[in-house]
Amino acid sequence: MSENRLYTEPVAGIPDRMSGNEAVANAIRQINPDVMPAFPITPSTEIPQFVATMISNGVIDTEFIPVESEHSSMSAAMGASAAGARTLTATSSCGLAYMWEMLYVAASDRLPIVMAVVNRALTGPININADHSDSMGARDSGWIQIYAENNQEVYDNFIQAYPIAEHKDVMLPVMICQDGFITSHAVENITLLPDEPVKAFAGEFEPEHYLLKKDETMAVGPYAVSKYCMEAKKAQAEAMKRAKDVILEVGKQFGEMSGRSYGFFEGYELEDAEYVCVAIGSACGTIKEAIRALRARGIKAGLLKVRVFRPFPAEEIAIALQNAKVIAIMDRCEGYSAQGGPLAADVMAALYRAKNQAEAFNVLYGLSGRDVQVEDIESLYAQMQQIAEGAAYETYQYMGLRE
Amino acid sequence: MALKASEINESVRWQDLTEGLKIFEPGTSKQFCTGEWRTETPVWDQEKCKQCLLCVPYCPDSSIPVEDKKRKDFDLDHCKGCGICVKACPFKAISMREGQ
């Protein structure tokens with residue numbers, strides 16, 4: 001049982017190996033947040049399990065609240081955050097769906113909660129494996145969303161979450177997403193940072209206003225009639241815009257501490273690439289492997305790996321894609337729009353506004369844990385080459401489908 | 001710049017609202033006239049009223065002010081016109097009329 005690993009703390013700076021859930025739990029251990037209400041759901045269950053173990057072992061002094069549902073866990077998180085506590089929770093799939101109405105309230109009440117989302121398909125058909133339909137459904141809820149390719153990234157992203165969420169220009173909740181099982185349960189190489197610099201980087205939550213503040217009365221989440229709601233939403237939308245600068249600044253500072261800098265996205269062999277995949281999450285590792293083989297054959301293949309999906313870095317993505325001839329935008333989430341998935345919708349809009357003339361199409365892949373293999377990606381790049389030579393194509397297609 | 005609740009009105013810009021519309025003063029509901037929802041209005045007959053004050057605790061909206069142990073006329077800025085006070089009054093000193 002990997003739980004035992006938490007009895008002997010990993011040695012910082014020395015390459016280690018652990019699962020993505022354990023990596024997040026180690027980030028939580030180093031930050032030692034104040035309150036964690038959580039309800040178990042596969043594949044995120046291990047995160048509250050690890051945290052509860054660390055609390056009972058006296059490693060951290062986070063207040064753990066066992067709740068009766070995810071609706072309750074998000075409600076309790078909002079209460080704790082409004083009271084002035086640094087708060088987190090974790091969930092997946094239907095658990096995230098069950099938080100739905102509270103997600104919007106957490107964002108509009110401007111509560112900087114951090115949630116570890118372990119991406120899993122939404123039912124149905126009933127399925128517990130990785131895809132992005134849970135968090136993609138919440139893309140318009142007002143939460144910042146940051147995705148990871150591997151265990152190292154989800155650890156690094158979690159450490160950056162509070163400095164982003166709690167920044168005075170932002171004050172918005174953040175989802176730190178990773179792919180269910182593929183990274184949450186797979187054991188990979190990782191290098192943890194020492195505890196002290198992580199603690200210093202995360203700092204303390206010092207909100208200007210909070211419910212338990214002495215000598216200040218405060219009401220959170222009042223009713224707003226139509227005459228005020230639009231103004232409130234505009235203010236919230238502006239905070240999401242301001243989050244862009246903060247995310248970049250925090251990613252840069254994290255790089256100064258760790259040697260690993262982060263931006264909105266990662267370009268892999270992107271600069272001179274003619275054929276580009278745009279994707280999110282663990283499949284990017286597979287895509288990189290395919291690119292290495294293609295580059296060895298002289299094919300100008302590249303990848304744009306989206307890390308920050310909300311706020312959506314539309315202008316920056318359009319600039320990064322300006323030299324691409326053919327772009328395959330990959331969605332691990334069916335949108336049922338009859339047009340394709342959510343990443344494609346946003347990237348296509350970004351390309352259009354930038355007057356980009358590249359051939360662009362949407363590829364649905366890896367739904368409900370469907371395996372993504374290097375050969376699938378190589379076939380996709382082969383199709384992109386054919387499109388560049390004039391082949392007709394569907395703008396909305398499936399990869400790895402039996403048909 | 002965030003304004004105080006008393007300074008917020010329907011011409012205030014989005015830039016001047018508090019973050020998340022949080023309110024940092026107590027008792028601000030007094031400033032908001034919610035009585036406009038009313039379709040029927042209670043009428044107090046001072047001749048019949050014995051100042052027994054039974055109507056006061058029955059009012060769900062604290063819209064019957066009391067001073068010096070005596071009730072005053074209705075606070076129509078907050079009365080929703082539910083009519084419970086009419087039923088509570090043993091002396092038929094309150095009746096409802098249509099409209100605001």
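## Two chains, with a helix crossing in chain A

Helix 10 of chain A passes helix 13 of chain A in a right-handed crossing (right-handed if the near helix is turned clockwise from the far one by less than a right angle, left-handed if anticlockwise). Bear in mind that this is a predicted model, where local features need pLDDT of at least 70 and side-chain atom pairs count only at pLDDT 80 or more, while totals for chains, interfaces and linings use all residues. Residues are numbered from 1 along each chain as its sequence is written, and chains are lettered from A and ligands numbered from 1 in the order in which they are written.

**The helix crossing**

- The axes of helix 10 (residues 283-296) and helix 13 (residues 374-388) of chain A come within 9 Å and cross at roughly 60 degrees; axes here are lines fitted to C-alpha atoms over the stretch in contact, with angles from 0 to 180 degrees between N-to-C directions.
- That angle is why helix 10 and helix 13 of chain A are called oblique to each other (under 35 degrees is roughly parallel, over 145 roughly antiparallel, 65 to 115 roughly perpendicular, and the rest oblique).
- On the helix 10 side of chain A, T286(A), I287(A), E289(A), A290(A), A293(A) and L294(A) meet V374(A), I377(A), E378(A) and Y381(A) of helix 13; residues are in contact if their C-beta atoms, placed from the backbone, lie within 7 Å.
- Sorted by class, this helix contact has 7 nonpolar, 1 polar and 2 charged residues (Ala, Val, Leu, Ile, Met, Phe, Trp, Tyr, Cys and Pro count as nonpolar, Asp, Glu, Lys and Arg as charged, the others, Gly among them, as polar).

**Chain A as a whole**

- Chain A has 13 helices and 15 strands, which are DSSP runs numbered from the N terminus (helices are H or I, at least four residues; strands are E, at least two).
- The C-alpha trace of chain A spans about 70 × 55 × 45 Å along its principal axes.
- Of its 403 residues, 51% count as buried (20 or more other C-beta atoms within 10 Å of a residue's own; exposed means 12 or fewer, partly exposed in between, with C-beta atoms placed from the backbone).

**Chain B as a whole**

- Chain B has 2 helices and 4 strands, and along the sequence they run β-α-β-β-α-β.
- With a radius of gyration of 17 Å, well over the 13 Å that the globule rule gives for 100 residues, chain B is more spread out than a compact globule.
- Its C-alpha atoms fill a box of roughly 55 × 30 × 20 Å along the principal axes.
- Buried residues make up 18% of the 100 in chain B.

**Where the chains meet**

- The contact takes 18 residues from chain A and 11 residues from chain B.
- Chain B's side of that contact has 6 nonpolar, 1 polar and 4 charged residues.
- D109(A) touches G20(B), and its other contacts include M78(A) and V220(A), leaving aside residues up to four places away in sequence.

**Two loop residues in chain A**

- D109(A) sits in the loop between helix 5 (100-108) and strand 5 (114-119), and D109(A) is buried, with 23 other C-beta atoms within 10 Å.
- E204(A) lies in the loop between helix 8 (195-202) and helix 9 (226-258), but E204(A) is exposed, with 9 other C-beta atoms within 10 Å.

Methods
Contact = placed C-beta atoms within 7 Å. Rg over C-alpha atoms; globule rule 2.2 N^0.38 Å.
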